[in-house]
Each structure stands twice: as structure tokens, then as C-alpha cells.
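Have the sequence and the model open side by side as you read.

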Amino acid sequence: MRHIISILLENEAGALSRVAGLFSARGYNIESLTVAPTDDPSLSRMTLVTSGTDDVIEQIVKQLNKLIEVVKLGDMTEGVHIEREMMLIKIRVVGDQREEIKRLSDIFRGRIIDVSQTTYTIELTGTGSKLDAFIEAVGSTPILEVVRSGAIGIQRGEKALRL
Amino acid sequence: MELTGAEIFVRCLQDEGVEHIFGYPGGAVLHIYDELYKQDKVQHVLVRHEQAATHAADAYARATGRAGVALVTSGPGATNAVTGIATAYMDSAPLVVFTGQVPTALIGNDAFQEVDSVGITRPCVKHNFLVKDVRDLATTIKKAFYIATTGRPGPVVVDIPKDITAEKTEYHYPETVSLRSYNPTVKGNIRQVRRAVEIMLGARRPMIYTGGGVILDDAAEELTTLARMLDFPVTNTLMGLGGFPGTDRQFVGMLGMHGTYEANLAMHNCDVLIAIGARFDDRVTGNVEKFCPTATIIHVDVDPASISKNVKVDVPIVGRVKVVLQDMLRELAKSDRRPDVEALAEWWKQIEEWRSMECLKYDRDADVIKPQFVVEKLFEVTGGDAFVTSDVGQHQMFAAQFYKFDRPRRWINSGGLGTMGFGLPAAMGVQFAHPDETVVCITGEGSIQMNIQELSTIRQYGLPLKVVNLNNRYLGMVRQWQEFFYQGRYAMSYMESLPDFVKLAEAYGHVGIQVEKPEDVEGALREAMEIRDRAVFLNFLTDQTENVYPMIPAGAGQNEMILI
Ligand SMILES: Cc1ncc(C[n+]2csc(CCOP(=O)(O)OP(=O)(O)O)c2C)c(N)n1
């Protein structure tokens with residue numbers, strides 16, 4: 001099963017490679033990984049999307065917790081949570097397609113953030129599957145570039161991953 | 001007053017109470033060596049290869065329970081140390097390794113003798129640090145010792161750029177450190193402990209299986225009390241030998257691939273398994289699908305990640321082994337239930353039947369020297385009281401099977417990584433920790449040559465240790481597998497052009513003794529033990545084709561042993 005694991009990590013050089021190294025050394029999957037500092041500058045928050053059986057996920061969580069720089073960790077997938085990912089997509093658009101792609105972008109609540117004579121660059125946020133759906137919908141219009149941030153997640157309601 | 005980084009380094013070691021460090025100098029650590037030279041509180045031991053420094057420091061730690069310390073230079077010094085670091089990592093030994101590094105400004109420039117030591121060692125350390133500011137040096141060193149010795153112990157590397165050792169700052173060594181992200185569990189959940197005790201008291205065919213965790217946490221006494229109170233059989237892993245007295249009736253021997261028949265069958269047939277400070281390693285479990293099919297499993301370990309990693313357990317208890325055992329003893333004393341004496345008597349009867357197979361028997365009338373015989377005689381001659389280190393191979397298994405360790409920290413070997421070359425430097429480390437004790441390295445002619453240069457270190461420091469070379473002219477363990485699984489195609493397992501070990505020992509300034517006949521074994525051992533002022537190298541020409549029995553072939557269950 002797919003899991004979204006959020007980690008509060010000491011904001012230190014090398015912490016990221018320790019997490020990445022753990023995954024490659026033990027052969028765990030990484031679907032995506034994002035990391036950035038938080039409101040507390042001593043901490044980074046990392047979001048890791050991985051998949052595996054319950055036993056594997058249990059090991060992943062335990063092994064992550066063993067890393068000295070991991071301060072706190074939560075499996076978002078265990079409770080109700082919100083997941084978002086951002087995508088920047090550059091599409092070649094000429095003629096009729098300019099109107100059509102703009103409409104499509106509106107339907108997906110995307111924003112066109114850059115326009116040239118032959119291209120649109122669209123910014124889109126949502127779950128991974130929404131972004132997939134947009135790419136699908138673009139159909140035969142040539143896609144020049146896709147940049148995805150990887151998923152981030154947060155728990156709903158009062159629950160919060162903090163110190 | 002401001003001190004240089006090198007001065008601070010040495011002061012930290014002194015304040016940490018470090019008496020010995022094992023190392024080898026080089027450009028990046030010369031400031032540090034200069035400071036070591038000016039004092040005599042910390043004795044520096046000059047090895048002949050950095051791998052030996054880490055093994056010696058590792059074994060020093062294993063023999064004492066205190067952190068072992070090694071110091072090496074940047075680049076090749078650090079890479080040479082890696083095997084020793086990985087060895088300590090796999091066996092959870094508390095080791096602190098200091099590596100020199102090129103000056104901060106040159107890091108990343110492919111400078112002379114630069115290597116990314118933090119990157120190279122990352123997968124085989126508990127933690128590592130690169131010191132970037134001299135003001136962090138003392139705290140980092142304190143953290144390194146703290147992390148190495150607490151929780152599940154392990155090696156910590158501290159990489160120190162050369163400029164940091166020259167810069168100055170005020171010295172303050174913190175008495176304690178705390179890390180918000182590192183708080184190892186000490187006490188087990190008491191409800192789980194009670195549940196475990198209830199299950200133990202209801203057992204009809206119980207089995208206690210303990211590993212290196214009992215040794216590392218100095219919990220042998222608690223374990224022994226518990227086992228005696230309950231009259232349960234005990235088996236130890238290779239790393240756990242000495243955790244329970246090896247000569248005790250309740251001890252059924254080592255388990256696993258080359259464990260005893262009785263230990264493995266008792267494991268296979270038990271209804272309650274109490275695993276303490278052990279990690280269900282593949283050499284222990286054999287095929288996990290067939291492992292302990294009828295047992296309710298209780299597992300005590302300080303490392304939560306060891307629990308239910310290879311084998312799903314029913315009662316996990318995370319905590320220090322010693323503390324949990326103390327709680328178990330308390331709960332047992334409180335309970336008015338007692339173990340089922342009749343069921344236990346029946347179980348013991350069964351175990352005795354397995355034991356009567358005498359799975360460790362070997363040909364005692366052979367006219368060549370049997371390696372088992374040498375170890376048995378060594379046990380007798382040393383009164384079972386020596387510190388024994390070993391290398392890796394058949395001789396290691398014979399040592400584990402035939403030397404009955406009654407006390408913890410006396411058996412020191414590379415179990416997890418299986419590092420040939422560990423034994424001799426390990427014996428040096430132990431001898432430094434216990435200068436008046438008998439220290440013996442049991443080795444093979446293959447392994448000993450991996451760090452033979454340390455005979456020179458041993459001479460320099462006048463260490464009176466004994467090398468027992470079980471010389472079968474084969475990479476015996478490899479030969480055994482080739483005999484069993486490759487139809488006797490002995491690819492590269494025969495050792496030709498061996499040195500004359502007696503002359504070699506003499507060349508290094510030691511006593512060399514050649515032993516070729518079974519009737520000379522005991523006399524030679526006695527003679528060697530009498531020599532207290534020099535090292536002795538005993539070269540036993542042993543049976544070339546002897547195999548280690550019993551054996552669970554890879555992929556088989558514990559009840560599928562090959563007996564002799
Ligand atoms: C550094 C290293 N290289 C290779 C091996 C693989 N290996 C395991 S046992 C063994 C043979 C050991 O031979 P020897 O030291 O003569 O001992 P014996 O088995 O003959 O007692 C080898 C090559 C190892 N364990 N460690």
C-alpha cells in the first residue's frame with residue numbers, strides 16, 4: 001500500500017542523504033521525496049511517499065526513527081489527511097488549441113503563469129491523481145516539460161506533527 | 001584560556017576517561033599527534049594498519065563495556081578503517097573513530113588524501129559527524145561517546161578537518177549531553193512484561209534464546225538467575241556465548257547453522273520462545289518460514305527495529321535487556337504461579353534424548369590433530385577462563401562449540417560481518433584492556449594473514465598473547481561448502497606457499513611453536529601458557545579435511561540438520 005510519511009528532521013547538512021541512503025541500502029521504494037525548512041529554522045519537514053506491505057512500512061518507520069537526525073515522524077496515511085502536489089507543465093499551444101487548453105486549465109483550477117506565442121506554462125495543484133488526470137486530458141497536445149513537486153501532506157483537524 | 005582544536009581533542013579524551021587509543025598518524029592528524037606526544041594520560045597504541053586500529057578498539061570495548069577509541073588520518077587512513085567500523089556496526093560494539101580530514105577550505109576539491117569519510121561510513125555507523133567549527137568540537141566528541149555507548153551501541157565516526165585542530169576556542173567539556181531526537185528506551189512496558197511472565201509460567205516446552213544484547217548490557221547475572229529460577233533450557237547465539245554459563249546443565253549449546261542438535265531441535269519444538277537481546281539473524285533462524293512453528297514468541301530488545309524484522313513476535317518488549325530482566329524477576333517473585341514441573345520434566349527428558357546424540361562428537365583416535373581437540377585442550381589448559389578472540393571460518397565455529405564460556409565478554413569474534421583478520425588485532429585490544437589476563441586468538445592460516453603485520457605491534461608493546469593457528473592449509477570453511485555444494489570443486493580454497501609461521505613469529509621477536517602430532521597438543525599449550533613475557537605463536541598442523549558439524553544448510557529448517 002502507498003504511504004505518506006512526514007518527518008521532522010534536524011535542519012543539518014547530511015540529514016537528507018541519511019534518509020535517502022537508508023532507503024537505497026535497505027531496498028525500500030521511494031515514489032517521491034520533498035524537503036524544506038519549517039517555521040522553526042532548526043527543523044526541516046520531509047514528506048516521503050513510499051509503498052510496501054504493512055511489515056515493510058513498519059520497518060521503514062522503525063529504521064527512520066533510528067536515524068539520529070529524525071526528531072519526529074508521522075504516517076499521514078494512518079488518519080484523515082490532505083495531500084497536495086504541485087505541477088508546472090509547459091505545453092505547445094497554437095491556433096485553436098490555445099482556447100481549448102485554457103478552458104481545460106480552468107476546469108482543473110490551474111493557472112496559466114507564463115505565455116509565449118507558442119506555449120503556455122500552467123501551474124496546477126492537487127492530489128497526484130488529479131495531476132495525472134490533467135496530463136491525460138491534455139491528450140495529443142505536445143507537452144514540452146512536466147515539473148512535479150512530489151506530494152506533501154498534513155493531517156486534518158487538531159492533529160499536528162510538531163514538537 | 002583558549003586552546004587549539006588539537007589540545008581540546010586530547011583534553012576531551014582525558015576528561016572522558018579514555019586510557020587507550022589505537023591509531024596511525026598522517027598529515028591531517030599531525031596537530032593531534034603533537035598534542036598526544038605532550039601528555040601521558042591517554043596511551044596511544046601504534047598499530048601497523050588502520051583496520052587493526054578499529055578492530056583493536058572494538059575488541060577493547062567488547063572486553064570492557066567502555067567505548068573503544070581509534071584515530072586515523074584522512075583518505076587512505078579512513079578507508080582502511082572502514083572494515084573495522086562495519087565490523088563493529090554489525091556486532092553493535094561501542095566504538096568512536098576519529099578520522100582526520102583535509103582543511104575545511106579544501107573539502108570537495110579532490111585535495112590530497114581527501115575522501116568523503118562521512119559519506120563512505122554513513123551506511124555502517126550508528127551516526128557520524130563532520131566538525132565544521134572548533135567551537136563545536138568538544139560537544140561533538142561528547143555526543144559521539146554518548147551515542148556510541150547508549151541504546152543499541154554502535155560505532156560513531158567524527159571527521160575533523162585539519163584547520164579545526166589548529167583553531168582556538170575556550171575549552172569546556174560538557175558533563176552530559178542530550179539530543180532531542182535521540183532518547184533510547186530503557187524500561188520495558190510493564191504490562192507487556194507481566195504478559196510475558198504469565199506466558200512463561202504457562203509454558204510446557206519453553207526455550208530461552210539469547211544473543212549479544214545480554215553481553216552488551218551486562219545482563220548475564222539477571223539472565224542466569226531467571227533461567228535457574230524457572231529451570232528453562234538456554235541457548236546462546238554466536239554473539240551471546242558467555243551470557244549463560246557454558247558448562248551449566250541448563251545450557252544446550254549454541255544454536256543456528258552450526259549450533260547443536262539439541263539447541264536447534266528444542267527451538268523447533270518449543271511452545272514458548274523467550275528471545276532476549278537477539279535479532280533472529282538468518283544464520284540463527286535458517287528458513288524463517290520453518291522457524292519455531294509452534295512457539296509463542298516473546299522478544300526483549302533495546303532496538304525496536306530488531307523486533308518483528310525477520311520473524312513476527314507475539315509479545316514485543318522494547319527496553320534495556322538488563323532492566324527488563326530485572327522487572328521480569330520482580331514479577332516472577334510476586335507471582336504465586338510456578339512453572340509446570342511435570343511438563344518441564346518431560347521436556348527436559350526430550351532434550352536429554354537429543355543431547356545424547358552427541359552431535360559434536362569427532363574422531364578422537366585420529367593420528368592427525370583434530371581442530372576440535374586443540375580447542376578442547378585449550379579450554380582445559382586455561383581453566384576455561386581465557387579471553388578468546390577468533391577470526392572467521394571453521395576455526396571460529398570450533399572455538400564457539402568447544403570452548404565453554406562461563407562468563408560474558410570472554411568470547412570476542414566478528415559474528416555479524418564475519419571479518420577475517422579480526423582476531424589478532426582484537427586480541428591486542430583485549431590484552432590492553434586486561435594486561436594480566438590470558439588472551440588467546442584462535443585463527444586459521446587464511447585469516448591470520450589478513451592482519452599478520454600486527455605481530456609487529458604486539459612485539460612493540462610486549463603483549464603476551466597467544467595465537468592458536470589451526471592450520472589446515474585450506475580456506476577451510478570455503479572448502480567445506482565446496483565439498484558439500486559444489487561437488488568438490490575446490491576453487492581457490494587451497495592455500496599454497498604458506499609462510500613458515502614459526503620462523504615468521506620468531507622474525508617478529510615472538511616464540512614460535514610447531515605442533516604436528518595429537519600427543520603434543522597439550523604439552524605445547526601448557527608450554528605456551530607458561531610464557532608470560534612474550535607472545536607465542538602456536539602453529540597446529542590440523543586435519544585438512546575436517547568439517548564443521550552439525551550443519552543446517554542454507555534454506556533449511558532448524559529440524560533439518562546434517563549430522564556427522
Ligand atoms: C575478509 C573476508 N574475506 C573473505 C571471507 C570469506 N571466508 C569466510 S571463511 C573463509 C576461510 C577462512 O579460512 P581460514 O582462516 O584458514 O580458516 P578455516 O576455515 O580454515 O578454519 C573465507 C575465505 C571472509 N569471511 N572475510
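Buried means under 20% relative accessible area, exposed means over 50%, and partly exposed lies in between (1.4 Å probe, protein chains only).

Before going further, a word on how to read all this. This is a predicted model, in which local features need pLDDT of at least 70 and side-chain atom pairs count only at pLDDT 80 or more, while totals for chains, interfaces and linings use all residues. Residues are numbered from 1 along each chain as its sequence is written, chains are lettered from A and ligands numbered from 1 in the order in which they are written, and side-chain values use heavy atoms, leaving out hydrogens and water.

Now find helix α10 (residues 220-230) and helix α13 (residues 321-334), both in chain B. Their axes come within 9 Å and cross at roughly 30°; axes are lines fitted to C-alpha atoms, for helices over the stretch in contact, and angles run from 0 to 180 degrees between N-to-C directions. The helices α10(B) and α13(B) are therefore roughly parallel to each other. Angles under 35 degrees count as roughly parallel, over 145 as roughly antiparallel, 65 to 115 as roughly perpendicular and the rest as oblique. On the α10(B) side, the contact is made by B:Glu222, B:Leu223, B:Thr225, B:Leu226, B:Met229 and B:Leu230, and on the α13(B) side by B:Lys322, B:Leu325, B:Gln326, B:Met328, B:Leu329, B:Leu332 and B:Ala333. Contact means heavy atoms within 4.5 Å. By class, this contact of α10(B) with α13(B) has 9 nonpolar, 2 polar and 2 charged residues. Ala, Val, Leu, Ile, Met, Phe, Trp, Tyr, Cys and Pro count as nonpolar, Asp, Glu, Lys and Arg as charged, and the others, Gly among them, as polar.

What does B:Lys322 form with B:Glu222? The two form a salt bridge, their closest N and O atoms being 3.2 Å apart. B:Lys322 lies in α13 and B:Glu222 in α10 of chain B, so the pair ties together parts that are 100 residues apart in sequence. B:Glu222 counts as buried, at 10% relative accessibility. A salt bridge is a side-chain nitrogen of Lys or Arg within 4 Å of a carboxyl oxygen of Asp or Glu.

B:Arg320 forms another salt bridge, with B:Asp217, the closest N and O atoms being 3.1 Å apart. This pair links distant parts of the chain, 103 residues apart: B:Arg320 is in the loop between β14 (315-318) and α13, and B:Asp217 in the loop between α9 (212-216) and α10. B:Arg320 is partly exposed at 31% relative accessible area, whereas B:Asp217 is buried at 15%.

Two further residues of chain B are worth a look. B:Gln401, found in helix α16 (residues 394-402), counts as buried at 5% relative accessibility. Not counting residues up to four places away in sequence, B:Gln401 touches B:Met254, B:His258, B:Leu360, B:Val548, B:Tyr549 and B:Pro550. B:Thr169 lies in strand β8 (residues 168-170) and is buried, with a relative accessible area of 12%.

Finally, turn to chain A, which has 4 helices and 9 strands. From the N terminus on, its elements run β-α-β-β-α-β-β-α-β-β-α-β-β. Buried residues make up 40% of the 163 residues in chain A. Within helix α3 (residues 97-107) of chain A, A:Asp106 and A:Lys102 lie 4 residues apart, about one turn of the helix. A:Asp106 forms a salt bridge with A:Lys102, the closest N and O atoms being 3.3 Å apart.

Technical notes: Helices (H or I, at least four residues) and strands (E, at least two) are DSSP runs, numbered from the N terminus.
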